[in-house]
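Q: I am new to this structure and would like a friendly guide. Please pick a single part, look at it closely, and then tell me about its surroundings.

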Amino acid sequence: MSAPELPGGLDEDERLTLEAFADTIIPGECRYPGDRAIAGAAAGGGAVASGALDLLTSEEGGIAGVLPTLAAGLNDHARNLADKEGLVLEDGVPPFVALSFGDRSRLAAELTVPEHPEQELWVPLAMFSFMAWDTGAATHTIEALAAGHPGLTGMGFAPPGPDGLWRFPDFSYGRELATIHPHTTEYGDPA
Amino acid sequence: MSMDSTDVVVIGSGFGGAIPAYRLAAGGARVTVLERGPWLTAADFDHDFKFGGPATRAFEFTLGEGMNVLGGNCVGGGSVVYFAATPRAPGYTFERQGSLGRRMWPRAIDRTALDPYYDMVCESLPVTRQDWNDVTYAGGLFAAACDHAGRTANPVPAAIDRDLCTNCNWMMSGCRFDAKRSLLLNYLPAAVDHGATIRALHEVQRITRTEGGYRVHYNTVDEVDYRVVTGSGTIDCRLVVVAAGTVATPVILQRSEEDLGEMPYAVGRYFSGNGERLNTAVVDEGKVRELFGLSRPDGRAYEAYQIGKGPVTATWDKLDGSLPEFSRHSLEQLYFPPGFGTILAQVAGTDGPSSWFGVDKKEMLRRWQSWMTVFIMSEDDNEGVFGPPPETGNADRVSQQMLSRGTLSYRPTANTRAGWARADADVRDILERDGLATVMPWSDDVIGAYTVHPLASCRIGDDPGTSALDDRNELRGHPGIFVTDGSAVPGALTVNPALTISALAERAVPGIVEAARARGVPVRYVTEPPARRRSTSGFREPV
C-alpha cells in the first residue's frame with residue numbers, strides 16, 4: 001500500500017514534514033508498514049488520519065500559503081537539534097521526520113513556549129493539527145462521524161439524530177443537589 | 001461609494017447596539033445599525049464544526065499579546081453565540097477600586113440604581129430563573145461536588161426558553177431551535193419593526209465630523225472571506241452610538257482621532273478580561289456513584305459532558321463583599337466544545353515534554369465525556385492596553401473567518417495572578433476532594449490569557465484621567481458620541497457580564513434621547529419592552 005494522496009500543492013518532503021508535526025501533536029497508529037511521518041506512538045488514528053493536511057491546506061484556514069515555509073523551518077530546527085545533540089538523522093526522509101518521536105515531541109514543545117521567538121508560527125500549526133482530530137473541521141461533522149472519524153469517535157462524541165441535529169431529552173438528575181446561597185435574590189441572582 | 005444620511009448610526013448590533021437601536025427607533029428617530037458580521041438566523045445554525053459553518057462565521061477570535069478574546073461577529077453580536085447565563089452583578093462590584101485607590105464606577109451607579117434597568121432587560125429578553133429540573137448532568141454533578149465540599153451552589157439565571165431547549169450544547173454556534181433568547185428575538189426585530197435599518201457585513205473604520213454632526217465611514221466585506229473588502233461608503237448622522245464590542249470600539253475611536261481630535265486617555269486602556277480563567281477536571285465515574293449516588297437512566301453515573309446548555313450552576317460563596325479585592329470570584333460549571341474547549345486543557349501529572357499535546361493528552365481526550373470545565377470569573381487589574389490601530393478593522397485577519405491578530409497587550413499583575421491562584425485552589429478543593437476528579441488549569445504558555453467577556457477598554461467613570469466616558473456614556477470631549485457596549489463597563493464583575501452590559505445600555509438611553517433632541521431629532525424616550533418573537537424565521541436582511 002502506498003502513501004495516500006493529499007492535497008495542497010505541497011511537495012512530498014513538505015507533506016511528510018507537516019504530517020510528522022501533526023502526528024506529534026495528536027499521535028496515531030501507522031497507516032502502512034514503514035510509515036515514517038506517523039511514528040505509531042499511540043493506538044487509533046491521530047491527527048493525520050483525522051484530516052490534518054486537509055485542514056491545514058484548506059482555503060478557509062488561511063495558512064496554506066505559508067506551509068512550505070513552516071515545513072522548511074521545522075526541518076531547519078530538526079537539523080540544528082541533531083547537530084547540537086549529535087543525533088544521527090537517517091537519509092531519505094526530511095530531518096524532522098527522521099527524528100525519533102521523543103525528539104520531535106521535545107522540539108515541538110520548545111517551539112511553542114512563550115520564550116521561543118517563533119512561537120507565533122508554531123502555535124497555529126499545532127492548533128490546526130489538534131482541531132483536525134477533535135473537531136474534524138475539514139469535513140461536515142455528520143459526515144465525519146458517519147465515516148468513523150478517529151478523533152470524534154475516539155472522544156465518544158455522541159451521534160446526531162436522523163435529521164442531523166443533536167437533542168438530549170435525558171439531561172438532568174432532576175434533584176436538588178446543593179443548598180443555594182443564602183443571599184440569593186427572588187430572581188435567582190447574587191445580592 | 002455609497003453616501004447616506006440618517007439621525008442616528010449605531011455601530012454594532014450586540015447588546016450595546018440593539019438596545020439603543022430599538023428604543024431610539026421606537027421613539028421616532030431614524031436609525032441605521034452597521035454590523036460587520038453576517039445576518040444569520042436559526043436555519044443557518046447548523047450543528048457542524050466544519051470551517052466556514054456557523055461555528056466560524058459568527059465568531060471572532062482575536063489573538064493579542066498575552067490576551068485573546070472570543071466574541072460574536074454577526075447580527076445580534078455576542079447574544080447569538082454566548083451561553084445566555086445572565087446573573088446580575090453583585091453589589092460590591094460597583095464599589096471596586098482596583099489599583100486606582102478610588103471607586104471605578106461613577107458615584108451615580110450602584111446595584112440599586114441599576115436594578116430597574118436590569119428589570120427592563122430581564123423582561124425584554126426574557127431571563128428565566130432556572131430550577132433543579134433545568135440543571136444538566138454536568139451542572140448537577142458540580143453542585144453535588146460543591147455541597148460535598150461544604151459550599152453552596154445555585155442554578156444560574158439564563159435567557160433560555162426551557163420548553164424549546166434540547167440541551168444539544170451547540171449554542172456557541174447559535175441556537176438552531178430558537179430556545180436561546182438572543183437579540184434576534186426581541187430588541188433587533190422590534191427595532192426593525194419601528195423602521196430601523198440593519199446593514200450586515202458593514203465594518204466601520206472611522207468617524208469624522210460634519211457641520212451638523214458626524215460621518216461614519218465603513219467598508220463592506222465579502223460574506224465568505226471577511227478579508228476581502230467589496231466596497232465602502234459613508235453615512236452622515238446627528239449622533240453616533242458606538243457598540244462595536246470591547247475589542248473594536250476603542251480601535252474605531254483611535255483611528256478617528258486624526259479627524260475628531262484627541263481622544264480621552266482611557267480609550268484603548270484599562271481593558272479587563274473579567275478575570276477569566278478555565279480549569280478542566282477529569283471525573284472518576286466510580287466516585288460520582290460512590291460519593292453522591294448519582295446515576296442516569298441508562299445506568300451511567302455521569303459521562304455527560306456533551307449534554308446541556310453551557311453553564312447552569314455556579315458557586316457564589318466567594319462573591320462576598322467583606323473579602324478584600326482580588327480575592328472574590330465565582331466558579332461556574334461550563335461546557336466548551338472541542339477545539340476551543342480542549343486545546344489548552346492540561347494533562348495532570350504527565351512526564352511528557354508537553355502538558356497540552358502528545359500521547360497523554362490524547363488519552364485524556366478519550367475520556368472527554370467525563371470532563372467538566374470550571375469557569376473562573378475573578379477580579380483582574382484592568383491591565384490591557386491597545387496598540388496603534390491596524391489598517392482596517394480592529395485586527396489583521398488570518399483566516400477567511402474567525403481568526404485575527406489584534407493589538408491588545410495584557411501583562412497580568414501580581415494582583416490578577418494571585419486572584420487566579422486562589423480561584424484555581426478553590427476549584428481543586430471542590431473537585432479533587434475524596435478523589436472525585438483530577439483538575440488542571442488551562443495552559444498559560446500557549447497563547448497567554450483569554451476571555452469571552454472583554455470589558456472596560458473605553459470605560460465609564462467620574463475621573464476624566466481614568467475614564468473615557470462620563471456617567472451618561474458620552475465620550476469625553478466629543479459630544480454626540482456615546483459608547484454603550486462592554487467597553488463601557490469599568491472593570492471585572494466576577495460574574496457573566498451580559499446583563500450588566502445590557503442594563504448599562506438601557507440606562508444610557510434617556511441621555512442619548514436627550515442629546516438627540518438637542519440636535520433637532522424628533523425622538524421621545526420609550527420604556528415599553530420590545531415585542532418578542534418566538535422564532536427568528538423570516539427575520540432577514542431585506543433584499
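A: To compare two helices, we use axes, which are lines fitted to C-alpha atoms over the stretch in contact, and the angle between their N-to-C directions runs from 0 to 180 degrees. Please keep in mind that this is a predicted model.

Our part is a helix pair in chain A. Helix H1 covers residues 12-25 and helix H5 covers residues 101-111, and their axes pack 10 Å apart at an angle of about 85°. Angles from 65 to 115 degrees count as roughly perpendicular, and therefore H1(A) and H5(A) are described as roughly perpendicular to each other.

Which residues make this meeting? From H1(A) come A:Ala20, A:Phe21, A:Thr24 and A:Ile25, and from H5(A) come A:Arg104, A:Ser105 and A:Ala108. Sorted by class, this contact has 4 nonpolar, 2 polar and 1 charged residues.

Now let us step back to the chain that holds this pair. Chain A has 8 helices and 0 strands, so its pattern along the sequence reads α-α-α-α-α-α-α-α. Its C-alpha trace spans about 70 × 40 × 30 Å along the principal axes. The radius of gyration of chain A is 21 Å, whereas a compact globule of 191 residues would have one near 16 Å. Of those 191 residues, 49% are buried. Among contacts in chain A with a separation of 6 or more, 52% join residues 24 or more positions apart.

Chain A also has a partner. Its contact with chain B takes 57 residues from chain A and 66 residues from chain B. On the chain B side, the elements that give two or more residues are helix H5 (137-148), strand S6 (154-155) and helix H9 (359-366). H5(B) provides the largest share, 6 residues. By class, the chain B side has 33 nonpolar, 22 polar and 11 charged residues.

Is B:His47 buried or exposed? With 22 other C-beta atoms within 10 Å, B:His47 is buried, since 20 or more is the cut-off for that word. Leaving aside residues up to four places away in sequence, B:His47 touches A:Thr141, A:Pro160, A:Gly164, A:Leu165 and A:Trp166 in chain A, together with B:Cys168, B:Trp170 and B:Arg176 in chain B.

Key
Residues are numbered from 1 along each chain as its sequence is written. Chains are lettered from A and ligands numbered from 1 in the order in which they are written. This is a predicted model: local features need pLDDT of at least 70, side-chain atom pairs count only at pLDDT 80 or more; totals for chains, interfaces and linings use all residues. Helices (H or I, at least four residues) and strands (E, at least two) are DSSP runs, numbered from the N terminus. Angles under 35 degrees count as roughly parallel, over 145 as roughly antiparallel, 65 to 115 as roughly perpendicular and the rest as oblique. Two residues are in contact if their C-beta atoms, placed from the backbone, lie within 7 Å. Ala, Val, Leu, Ile, Met, Phe, Trp, Tyr, Cys and Pro count as nonpolar, Asp, Glu, Lys and Arg as charged, and the others, Gly among them, as polar. The radius of gyration is taken over C-alpha atoms; the globule rule is 2.2 Å times the number of residues to the power 0.38. A residue is buried if 20 or more other C-beta atoms lie within 10 Å of its own, exposed if 12 or fewer, and partly exposed in between; C-beta atoms are placed from the backbone.
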